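Please look at the sequence and the structure below.

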Amino acid sequence: MADEEKKETVEQPEETPQEEIVEASPEKKVDTGKRIVAFIIDAVVAAVVGLIPILGLIIGAAYWALRDGLNIDFMDQRSIGKKIMKLRPVTLEGTKLELTDSIKRNWMLAIVPLSVIIPFLGWFVMLPVGLILVIVEIILTLTDKEGRRFGDKMAKTIVIEVEE
């Protein structure tokens, strides 16, 4: 019997910081004002980086796509804007996002900076399509009862308010 108890404790996996579960309650919509301010902060970060010719636009697009899954201490797997505004995107199960979750959630926002560096096709096709997608995302954030935009639904994520 003592051997069985030892086996049970050995077989249980250790929790890692990625497995941290937080309450992801779709019933409580995050303050839209906070999300807008976080978006503006992220846009400023991407725009400043985007001032670096060619490379800056690529880095800015990468920031938009990966920002909520980057495992960098000062960002804590969320964008700089969300960190400042005390928001966190999480999976519907309540875990922090991985890079793949972030890409699924944010790829539409990365189209705009990428389109600028592609002559003709980017300027006349991708840029207008990207801007339309961004507008649709903003409208969904404002009108969806859970505050979930299309990217959130695709990645099965939700934005929540946190203490830190």
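Helices, of at least four residues, and strands, of at least two, are DSSP runs numbered from the N terminus. The model is predicted.

The helix to begin with is H3, which covers residues 55-66. Its length can be checked: at 1.5 Å a residue, the 12 residues of H3 should span 16 Å, and its end C-alpha atoms are 16 Å apart, so the two values agree.

Part of H3 is hidden from the surface. Gly56, Gly60, Ala61, Tyr63, Trp64 and Ala65 are buried in this helix. What do the buried residues of H3 pack against? Their partners are helix H2 (32-50), H4 and helix H5 (99-116).

Two packed helices are described by the angle between their axes and the distance between the axes. The axes of H3 and H5 come within 5 Å and cross at roughly 150°. Because of that angle, H3 is roughly antiparallel to H5, angles over 145 degrees being counted in this way. The crossing of the two helices H3 and H5 is right-handed.

On the H3 side, the residues that meet H5 are Leu57, Gly60, Ala61, Trp64, Ala65 and Leu66. On the H5 side they are Leu99, Ser102, Ile103, Asn106, Leu109, Ala110, Pro113, Leu114 and Val116. The residues of this contact between H3 and H5 comprise 12 nonpolar, 3 polar and no charged ones.

Is aspartate 76 buried or exposed? Its relative accessible area is 19%, and since buried means under 20%, aspartate 76 counts as buried. Leaving aside residues up to four places away in sequence, aspartate 76 touches Leu70, Lys83, Arg88, Lys96 and Glu164.

Glutamine 77 is also placed in the loop between H3 and H4. Although glutamine 77 is not a glycine, its phi is positive, at about 55°. Glutamine 77 counts as buried because its relative accessibility is 6%.

Another loop holds lysine 156, between helix H7 (150-155) and strand E2 (157-161). Lysine 156 has a positive phi of about 55° and is not a glycine. With a relative accessibility of 54%, lysine 156 counts as exposed, because the exposed class begins over 50%.

Terms used
Residues numbered from 1 in each chain as written. Predicted model: local features only at pLDDT ≥ 70, side-chain atom pairs only at ≥ 80, totals over all residues. Heavy atoms only, no water. Buried < 20%, exposed > 50% of the residue type's maximum accessible area, 1.4 Å probe, protein only. Contact = heavy atoms within 4.5 Å. Expected span 1.5 Å × (residues − 1). Axes fitted to C-alpha atoms, helices over the stretch in contact; angles between N-to-C directions. Parallel < 35°, antiparallel > 145°, perpendicular 65-115°, else oblique. Left-handed = near helix turned anticlockwise from the far one by under 90°. Nonpolar A, V, L, I, M, F, W, Y, C, P; charged D, E, K, R; others polar.
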